Amino acid sequence: MNSENASIIKPESESLKGSSGDYEIIKITDLRKAFGTNQVLRGFNLSLYKGENVVILGKSGSGKSILIKCVVGLIKYDSGSLKVYGKEIKDLSQSELDDLRVKIGFVFQSSALYDSMTVRKNLEFPLRRHNLHFTAKDIEDKVKNTLQDVGLLHAIDLMPSELSGGMRKRVGLARALVLNPDIVLYDEPTTGLDPMTSKEITNLMLKTQEKYNTSSIIISHDMDCAKRTSNRLAVLSEGICHAVGKYSELEKSKDEVVNSFFL
Ligand SMILES: Nc1ncnc2c1ncn2[C@@H]1O[C@H](COP(=O)(O)OP(=O)(O)OP(=O)(O)O)[C@@H](O)[C@H]1O
Ligand SMILES: [Mg+2]
């Protein structure tokens with residue numbers, strides 16, 4: 001039933017299912033991507049089911065960011081299939097891709113805020129860009145509500161340079177959520193933060209899933225975040241999905257690669 005190439009760990013089929021049914025929102029099959037001779041993805045398989053959070057574990061440079069950039073069409077894969085809502089990403093026109101991106105929030109590894117714009121303008125950007133015909137009042141309300149959700153309404157008129165690392169991460173999160181997406185892709189949302197702030201961000205991610213019923217792929221080295229947010233974890237190693245399963249299953253694994261993340 002499931003095509004994940006967890007060649008080493010094969011958890012019980014039950015655990016391969018999403019927690020809220022079987023509907024695959026994202027289905028990645030035999031995905032390949034190389035940069036010259038650097039073969040980053042070498043036949044990666046994974047599905048994301050509706051309502052679930054999958055955490056991707058992998059060493060630095062293993063291709064985690066490349067993988068989720070392929071999902072939103074920021075990077076073009078060489079071969080294989082990557083379907084979101086049943087649509088093959090590489091076959092989409094620019095306007096179809098833009099429409100799809102409205103439904104996908106992307107929290108960048110670096111926060112990727114526009115340094116010359118205030119927090120408010122950073123959040124307004126996706127609302128205006130997608131030509132969604134929001135009124136000025138709609139935009140104002142959405143920006144304020146989303147900032148309220150991440151506890152940063154007071155920072156609305158600050159510039160990114162005036163924010164702490166944790167605040168930047170939260171604004172990055174708010175910008176990804178402002179369009180009320182169905183899918184959120186998180187690229188290391190807690191990396192570089194102190195444990196308390198990491199916990200706060202993790203709480204926000206859980207709150208987001210609950211409030212907006214989102215499905216997420218979360219790249220994280222933070223095992224506390226991984227444990228608390230994941231319905232399943234997938235280990236990306238040597239370009240493939242080396243192992244997949246629940247936290248409780250993988251933490252007991254004797255496999256060397258899997259084990260290395262739980263030490
Ligand atoms: N635009 C690019 N051009 C060429 N090579 C790239 C490009 N982006 C990434 N790579 C290469 O692809 C590989 C995977 O990079 P990626 O950023 O996905 O790693 P990662 O798993 O996210 O690592 P980290 O945990 O450090 O963020 C690396 O070898 C990197 O050098
Ligand atoms: Mg990365």
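## The open sheet

Six strands make up an open sheet with mixed pairing, in the order β6-β7-β8-β3-β9-β10, where helices (H or I, at least four residues) and strands (E, at least two) are DSSP runs numbered from the N terminus, and two strands pair if DSSP finds at least two bridges between them. At the edges stand β6 (104-107) and β10 (240-245), each of which pairs on one side only. Neighbouring strands of the sheet are turned by 15° against each other on average, direction ignored; axes are lines fitted to C-alpha atoms, for helices over the stretch in contact, and angles run from 0 to 180 degrees between N-to-C directions. Helix α6 (residues 165-177) packs on this sheet, touching β6 and β7, and its direction makes about 165° with that of β6.

This is a predicted model, in which local features need pLDDT of at least 70 and side-chain atom pairs count only at pLDDT 80 or more, while totals for chains, interfaces and linings use all residues. Residues are numbered from 1 along each chain as its sequence is written, and chains are lettered from A and ligands numbered from 1 in the order in which they are written.

## Strand β7 and its partners

Strand β7 (residues 183-187) runs parallel to β8 (residues 215-219), to which five bridges join it, and β7 also pairs in the parallel sense with β6, over four bridges. Ile183 of β7 is the bridge partner of Ile104, Leu185 has Ile217 of β8 as its bridge partner, and Asp187 stands opposite Ile219 in β8.

Five of the five residues of β7 are buried, so this strand is largely enclosed by the rest of the structure; a residue is buried if 20 or more other C-beta atoms lie within 10 Å of its own, exposed if 12 or fewer, and partly exposed in between, with C-beta atoms placed from the backbone. Ile183, Leu185 and Asp187 point one way from β7, whereas Val184 and Tyr186 point the other way.

Not counting residues up to four places away in sequence, Leu185 touches Ile68, Val71, Val72, Ile104, Phe106, Val107, Ser216 and Ile217; two residues are in contact if their C-beta atoms, placed from the backbone, lie within 7 Å.

## The shell around ligand 1

The residues around ligand 1 (those with a C-beta atom, placed from the backbone, within 6 Å of it) include Phe35, Asn38, Val40, Lys64, Ser65, Ile66 and Gln109. The elements giving two or more residues to this shell are β2 and α2 (64-71), and the largest share, three residues, comes from α2.

## Positive phi in two loops

Asn180, in the loop between α6 and β7, has a positive phi of about 55° although it is not a glycine. With 14 C-beta neighbours inside 10 Å, Asn180 counts as partly exposed. Glu238, in the loop between β9 (232-237) and β10, likewise has a positive phi, near 55°, and is partly exposed, with 14 other C-beta atoms within 10 Å.
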